[in-house]
Amino acid sequence: DGYAFTRPPRPTRLHGMGVPILRRGRVLGSLSLRFPRSAMSEKEAGERFGKRMAAVARAIAADVVSSDI
């Protein structure tokens, strides 16, 4: 449970944030969010969207488990 931010090799005007979709310790995929640096800091994005994105990722994983793909 958590989120991470991109670390581009050169300066960019965008931030990227992502959360893993996990099932039984395996990564099934990820959710990501891109936003302009001018809109908010990484800290603000984490506070605003980190828990929400993690909850959506858990819901997706639960749906995958229930449908047993």
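So, is Arg7 buried or exposed? Arg7 is exposed, because its relative accessible area is 64%, and the cut-offs here are under 20% for buried, over 50% for exposed and partly exposed in between, with a 1.4 Å probe and protein chains only.

Quick housekeeping before I go on. This is a predicted model, where local features need pLDDT of at least 70 and side-chain atom pairs count only at pLDDT 80 or more, while totals for chains, interfaces and linings use all residues. Residues are numbered from 1 along each chain as its sequence is written, and side-chain values use heavy atoms, with hydrogens and water left out.

Okay, the sheet. We've got an open sheet of 3 strands, ordered S1-S2-S3, with antiparallel pairing. S1 (4-5) and S3 (26-36) sit at the edges with a single partner strand each, so one side of each has no neighbour in the sheet. On the terms: strands (E, at least two residues) and helices (H or I, at least four) are DSSP runs numbered from the N terminus, and two strands pair if DSSP finds at least two bridges between them.

Now the pairings. S1 and S2 are joined by 2 bridges, and Ala4 stands opposite Gly18 there. Between S2, residues 14-23, and S3 there are 10 bridges. Along that pairing, Pro20 has Ser30 as its bridge partner, and Ile21 faces Gly29. The S2 and S3 hairpin has 2 residues between the strands, and Arg24 in that hairpin takes a positive phi near 50°.

Back to Arg7, then. What does the side chain of Arg7 meet in a salt bridge? That would be Glu42, at 2.8 Å, N to O. A salt bridge here needs a side-chain nitrogen of Lys or Arg within 4 Å of a carboxyl oxygen of Asp or Glu. This one links distant parts of the chain: Arg7 is in the loop between S1 and S2, Glu42 is in helix H1 (residues 42-67), and they are 35 residues apart.

Glu42 has another partner, His15. Their side chains make a polar contact of 3.5 Å, a polar contact being N or O atoms within 3.5 Å, where within protein one must be able to donate a hydrogen and the other to accept it, and residues adjacent in sequence count only if both atoms are side-chain atoms. His15 belongs to strand S2, and His15 counts as buried because its relative accessible area is 8%. Leaving out residues up to four places away in sequence, His15 touches Thr6, Leu33, Arg34, Phe35, Arg37, Met40 and Glu42, with contact meaning heavy atoms within 4.5 Å.

The structure holds 2 salt bridges. Lys43 forms one with Glu47, with the closest N and O atoms 4.0 Å apart. Those two are 4 residues apart in helix H1, so about one helical turn separates them. Lys43 is exposed at 61% relative accessibility, and Glu47 is exposed too, at 55%.

Last item: aromatics. Searching the whole structure gives 1 aromatic pair. Tyr3 and Phe5 sit edge-to-face, 5.8 Å centre to centre with 85° between the planes. For pairing, rings of Phe, Tyr and Trp (its six-membered ring) need centres within 6.5 Å; planes under 30 degrees apart are stacked, over 60 edge-to-face, and the rest tilted. Tyr3 is partly exposed, at 40% relative accessibility.
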